[in-house]
Amino acid sequence: MSQVRVTPRMDSRMRRKHPSERPSHGKKVLGGIEKKYSGGNNRLVRNRRYTNNMRLLHTADWHVGSTLAGLDRFGETGKLLDELFAAAQTEKVDVVIVAGDVFDNPMPSNISQKLVFDFFARLSGAGIRSVVLAGNHDGQVFVPSKSLLSLGTASVFEKPSGEQYQVGFRSRADEPVVVTALPYPHERVVMKLNGAGDDIHGDYAGSVSTFIRWLAGQMHASDINIFAAHLMIAGAQLTDTERPMSVSPFFAVPAQSLPSSTMYNALGHVHRHQQLVNAPTRSEYSGTIFRVNFSEEGTPKGFNLVDTDTRGNLTVQFCELKSAIELHNVECAVDDWANRLEPYRNRGYTKARIHADDPPFNLQGEIRAVCPWVVKVEFLRSEAATTTRPTIEALASTSLETVQSMYRAYNGNATEDVMKVVGELFQEVTHADTDA
Ligand SMILES: [Mn+2]
């Protein structure tokens, strides 16, 4: 299998040297080399130890175009991308890796596209290289984007491929770097992958693992190898905001299947920032750049700054993004919401959780008029009130008379005509042809 460099500019800068031409670094990177890790603190620290070797910025899961309680997030996203760009510039990174789910939607709006393409245009203008992978949310927009972004400093990987899977370059310190990319392996793509050999049938996780093994086999020990992938890894701590099907156990690839000969595995897909404990080499999800919904209250959002070299040194730092809007869930009662919600003014967005069995008419409208920072109001009934409310399941095993009396209880005086329709609907539901 021949290796194809995806970006012509990078081809000319970094032709792969014949093994005999490569400098020997004394130690081999492959195998059980001892890597020096330092724990993450959340501040940008300048003048770190390995500033002259290779530095990368790892981000993922931008989900540009997603909304919160019906509000667009373009303002916040623009500020976050400004922060990422500023960090890439200030920290003099060699490459920015965006590990998938750039867009929230396969057909992103013009505003979404402008935010994203402006970011890469700025990186190109500053001469900062980037590697961009498609995630499961990204769609065909990656196909035309690839041609355009490749005119700049970006290398775009829109689908898993046995032909276009890596990009090589030399760091500012003139060390050889190779980023191997695995965009989201959709099930239909996995089964057709070239280059993975004949043993690529069977289960999804097994097939992906086989392909990762093949990708790892294309790496050379004398390079600084980085693996970037949009993948569900078994054991990752989820949030409530991933697309449920895509994180089901069926799609979970064992952490042990990640490449071991890399210095760092930059992952996207799971929205919580974390380091994977069972991986053979340092592997992290950078997480989303913003808090996707109110279940992510208090979750830190940021990116990873990674320093490494050909001698096996590695430093990973999680840097928080200050523009990620804070989200709060505030418990209230019908008579104290104003006092409870006031402290959250100017502190991002709030969801009011009102405990009330019978909330006053238009309380929601009143709260939102008084507290514009409240973007969502949820009413929580007490358990007693909840259990007396009829459910669809209960209706199915109920007589027509009960259904009619319940209908009257909810809708007041109903005419005989209406009751006739209710009776017909009841017949339809309880005698439904299950084969239909
Ligand atoms: Mn994803």
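**A tour from helix H11 to the cores**

Start by selecting residues 400–411, which are helix H11. This helix has twelve residues and spans 16 Å from its first C-alpha to its last, close to the 16 Å expected at 1.5 Å a residue. The model on screen is a predicted one. Now step on to Gly412, which follows H11 and has a positive phi, near 75°.

Next, the sheet. Select strands E15, E16 and E17: these three strands form an open sheet in that order, with parallel pairing. Strand E15 (327–333) and strand E17 (374–380) are at the edges; each has a single partner strand, so one side of each has no neighbour in the sheet. From one strand to the next, the twist averages 20°.

Zoom in on strand E16, residues 349–355, where the parallel pairing with E17 runs over six bridges. Thr350 can be found opposite Val374 in E17.

Last, the nonpolar cores. Which residues touch the most other members of the largest nonpolar core? Select Val96, Ile97, Ala99, Val179, Ile226 and Ala228; they hold that place in a core of 79 residues. Centre the view on Val96: leaving aside residues up to four places away in sequence, Val96 touches Leu57, Ala88, Leu123, Ile128 and Ser130. Another core, of seven residues, lies apart from the largest one. To find this other core, select Ala352, Ile354, Cys371 and Val374, which are among its members. Val374 is also the residue opposite Thr350.

Conventions. Residues are numbered from 1 along each chain as its sequence is written. This is a predicted model: local features need pLDDT of at least 70, side-chain atom pairs count only at pLDDT 80 or more; totals for chains, interfaces and linings use all residues. Two strands pair if DSSP finds at least two bridges between them. Helices (H or I, at least four residues) and strands (E, at least two) are DSSP runs, numbered from the N terminus. Axes are lines fitted to C-alpha atoms, for helices over the stretch in contact, and angles run from 0 to 180 degrees between N-to-C directions. A nonpolar core is a set of buried Ala, Val, Leu, Ile, Met, Phe, Trp, Tyr and Cys residues joined through C-beta atoms within 7 Å. A residue is buried if 20 or more other C-beta atoms lie within 10 Å of its own, exposed if 12 or fewer, and partly exposed in between; C-beta atoms are placed from the backbone. Two residues are in contact if their C-beta atoms, placed from the backbone, lie within 7 Å. The expected span of a helix is 1.5 Å times one less than its number of residues.
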